[in-house]
Amino acid sequence: MDDVESSGFEPTRETGSTLEAGPPLERIESVFSVYEVRTEGDQLVYYGNPLMQPEQVMRELWPAFREAGYDPQLTTRYGEFVLVAEPIDLGIDGIPWTNIVLLVATVFSTLFVGAAWWYPSLDPISNPIDLVFAWPFALAVLGVLGVHELGHYVLSRYHEVDASLPYFLPVPTIIGTMGAVIKLKGLMPNRKALFDIGVAGPLAGLAATIVVAIIGLHLPPVTVPESVVEEADGSGFRLGIPPLLEFLAMAVDQPMYTDDPTRNINPVVIGAWVGMFVTFLNLIPVGQLDGGHILRSMSDGLFDTISSLVPTLLVALAGYLYFVGGYGFQTVFIWILWAILTTLFASAGAAEPVTDDELGTGRQLVGIATFGLGLLCFMPVPLEVIQ
């Protein structure tokens with residue numbers, strides 16, 4: 001390429017309104033020497049050689065492409081460096097059938113579990129119409145999960161980062177679902193965007209969780225029969241109570257009537273329990289979990305240290321509960337599972353903002369407060385399996 005540049009070589013360039021809509025070629029060539037330009041559909045494709053480290057090329061060119069309405073990515077094709085720019089598209093293309101089907105399936109799964117487990121007067125197997133009467137439980141669970149994911153989605157749109165609608169996961173667990181996720185498709189412009197998108201989910205979901213908890217605590221308790229949560233041989237399960245739920249019960253002067261929320265409590269409160277547990281898990285500061293996004297944007301050095309320690313801490317918690325607390329393996333297995341998951345999340349790496357600028361004191365304080373709220377949702381034994 002040095003010989004080409006010294007000879008005054010002009011890059012091959014297609015003409016057309018789509019290509020002309022991109023940044024000036026001179027701006028691109030200040031950091032990326034271009035020898036061929038073409039269009040592929042709506043994409044602008046530049047073949048060339050970076051004149052500095054690829055990460056620095058992206059930081060230099062990102063603002064120019066974003067101003068022109070494109071999302072750039074530097075990659076390789078057949079051993080050649082290629083700068084591919086796609087038009088920014090934050091809308092929803094067509095009807096999101098996958099999202100709709102999963103949502104409908106999750107509505108049915110939460111209704112079924114609610115009717116079968118948490119409302120003793122209902123029998124959805126012999127009388128399927130009973131599913132309808134479990135709507136408070138289903139609405140509470142789906143509400144806290146949906147608001148959490150919509151918090152991410154709204155802030156993604158605000159920062160012009162392409163994101164999918166929430167995908168709900170219907171699984172017949174004790175709450176009828178494994179949660180919900182959204183898929184971020186675009187790059188993070190800067191630390192502020194990474195922080196805002198990461199923190200929006202937990203804070204939005206926690207706000208919904210508090211509302212659901214207060215409503216549920218004011219509703220009459222429903223006594224779940226022993227036959228539902230405990231087998232004839234004495235085995236069964238028991239849910240833990242997070243400190244935040246206990247605090248809310250005291251704050252609104254609505255005692256929970258029991259130290260075990262699997263019995264003698266309104267099923268809507270179980271929806272709040274789900275919101276708190278999901279909030280804590282998402283705020284674990286590792287990989288691309290919400291907590292990982294927040295801590296990475298606050299301090300990349302601190303993020304590297306803490307994320308490497310998280311799996312060990314979770315294994316240590318499981319060991320303490322098993323050997324000192326006397327809990328069974330099935331009870332502590334949840335933390336072993338999350339130790340494995342966080343190891344995988346950590347190996348996948350953190351989201352890297354294109355512009356790695358400072359976050360600012362205000363957001364730093366919000367981040368610290370968010371982690372503090374997450375600790376109020378922590379339960380050493382979220383689900384005790386009685387054997």
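Predicted model: local features only at pLDDT ≥ 70, side-chain atom pairs only at ≥ 80, totals over all residues.
1. Helix α6 spans residues 135-158 and helix α10 spans residues 267-282; their axes come within 7 Å and cross at roughly 25 degrees. Because angles under 35 degrees count as roughly parallel, α6 is roughly parallel to α10. The crossing of α6 past α10 is right-handed.

2. Helix α11 (residues 290-298) packs with helix α14 (residues 361-376) at an angle of about 145 degrees, and their axes are 10 Å apart. Here the crossing is left-handed. On the α11 side, Gly291, Ile294, Leu295 and Met298 take part, and they meet Gln364, Gly367, Ile368, Thr370 and Phe371 of α14. The residues of this contact of α11 with α14 divide into five nonpolar and four polar, with no charged residue.

3. Turning to the strands, β2 (residues 32-40) and β3 (residues 43-50) are antiparallel partners, paired over eight bridges. Within that pairing, Val34 stands opposite Gly48 of β3. The two strands make a hairpin with two residues between them, and Gly41 in the turn has a positive phi of about 70 degrees.

4. There is another hairpin to check, built from β6 and β7. Strand β6 (residues 167-170) runs antiparallel to strand β7 (residues 177-181), and three bridges join them. Tyr167 stands opposite Val181 in β7. Six residues lie between the strands of this hairpin, and Gly176 takes a positive phi near 85 degrees.

5. Finally, the annotation. An unreviewed UniProt entry gives "transmembrane region" for residues 100-119, 131-151, 163-182, 194-215, 264-286, 306-325, 332-351 and 363-383. How much helix do two of these spans have in the model? Residues 100-119 are 95% helix and 0% strand, with end C-alpha atoms 27 Å apart. For residues 306-325, the span is 90% helix and 0% strand, and the end C-alpha atoms lie 25 Å apart.

Key
Residues numbered from 1 in each chain as written. Heavy atoms only, no water. Pairing = 2+ DSSP bridges. Helix = DSSP H or I, 4+ residues; strand = E, 2+ residues; numbered from the N terminus. UniProt positions renumbered as here; feature names shortened; annotations may be inferred. Axes fitted to C-alpha atoms, helices over the stretch in contact; angles between N-to-C directions. Parallel < 35°, antiparallel > 145°, perpendicular 65-115°, else oblique. Left-handed = near helix turned anticlockwise from the far one by under 90°. Contact = heavy atoms within 4.5 Å. Nonpolar A, V, L, I, M, F, W, Y, C, P; charged D, E, K, R; others polar.
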